[in-house]
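Please open the model in your viewer and keep the selection panel at hand. The tour goes from one selection to the next and says what can be found at each stop.

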Amino acid sequence: MKKVQHELEMLTATEVANSSHVLEALKFGVDILWIGARTTANPFAVQEIADALNGMDIPVMIKNPVNPDVELWIGAFERLNQAGIKKLAAIHRGFSSYGKTFYRNDPHWQIPIELKRRIPDLPVITDPSHICGNREMLFEVSQEAMDLDFEGLMIEAHCHPEKALSDTSQQITPKELRALLDKLVLRQANIDNTVISHTLEDLRAQIDKFDDKLLEILGRRMQIADKLGRYKKKNNITILQSGRWNQLLTRRIQDGDKKGLSEDFIVKLFRAIHQESIDHQTKIMNE
């Protein structure tokens, strides 16, 4: 890595998982450090790294924890920040998921989006290589990260991917990397055109009205759930009716498909609504 710095005048970066890694990296002049997903999930390990870096002026990138937990991710940034590390960035590398998905690590885009909402000035860099686990989907994920106005990409490249010592299926050649980057469409985050701005504001205002209606409808729905809970309590009936829930979800998936809504969205939406209904009824049962 020292040779790379000297001959190519490139910055070097490496992953550190404990204090001894930190000391070795600093000793050999590594420019940037990153904390891996499994380390981020361990607050004790993160604190050990933070203590070893206390007072240092070095950029540190923190990968998301393996499980989709934004609070755990933010906690890692807080520990480094309290140690005096101010040059911080997030690496969005995807999350472990139960069941089969298209990805090696499900992107769960809502997690890095929430991170940006909570810490607006924190750069977010997406790692399509670890999200995809294969080279076929790299462009699709990279483009989505750029469309979300994330600050960068972390893509694995190798002169001979088939000879790489790890993760051969997700690496691409430098030539393929160049082609991928050239193909990316980089869009504007800020709009100076008055006509475009007014059109966007008009469309957003329409969305706001529908959101208001949705909240009103959901509020009314939960009022009915409250009545249902009281009736079940009075007649000694269990809150969960599995058959009814299965029928409802199946029907909603079918109806959503007719309206152009994905099954994944419908399942997540109605699971959340169903859980809120259960919470309301549980509260009534325990009164």
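A residue is called buried under 20% relative accessible area, exposed over 50% and partly exposed in between, with a 1.4 Å probe and protein chains only. This is a predicted model, in which local features need pLDDT of at least 70 and side-chain atom pairs count only at pLDDT 80 or more, while totals for chains, interfaces and linings use all residues. Residues are numbered from 1 along each chain as its sequence is written, and side-chain values use heavy atoms, with hydrogens and water left out.

**The sheet**

Begin with the strands; these, like the helices, are DSSP runs numbered from the N terminus (helices H or I, at least four residues; strands E, at least two). Six strands form an open sheet in the order 1-2-3-4-5-6, with parallel pairing, where two strands pair if DSSP finds at least two bridges between them. At the edges you will find strand 1 (13–15) and strand 6 (152–153), each of which pairs on one side only.

Next select residues 32–35, which are strand 2, joined to strand 1 in the parallel sense over three bridges; here I32 is the bridge partner of A13. Three bridges also join strand 2 to strand 3, and in strand 3 the partner of W34 is M61.

Now show the side chains of strand 3 (60–63). V60 and I62 point one way, M61 and K63 point the other way, and all are buried.

**Helix 5**

Select residues 70–82, helix 5, which lies across strands 2, 3 and 4 and runs at about 155° to strand 4 (88–92); axes are lines fitted to C-alpha atoms, for helices over the stretch in contact (heavy atoms within 4.5 Å), and angles run from 0 to 180 degrees between N-to-C directions.

**Aromatic pairs**

How many aromatic pairs does the structure hold? There are two, where rings of Phe, Tyr and Trp (its six-membered ring) pair if their centres lie within 6.5 Å, and planes under 30 degrees apart count as stacked, over 60 as edge-to-face and the rest as tilted. Select W73 and F77, whose ring centres are 6.4 Å apart with planes at 40°, so the pair is tilted. Because W73 and F77 are four residues apart in helix 5, about one helical turn separates them. W73 is buried at 0% relative accessibility, and F77 is buried with a relative accessible area of 4%.

Finally, select W109 and F150, a tilted pair with 6.1 Å centre to centre and 40° between the planes.
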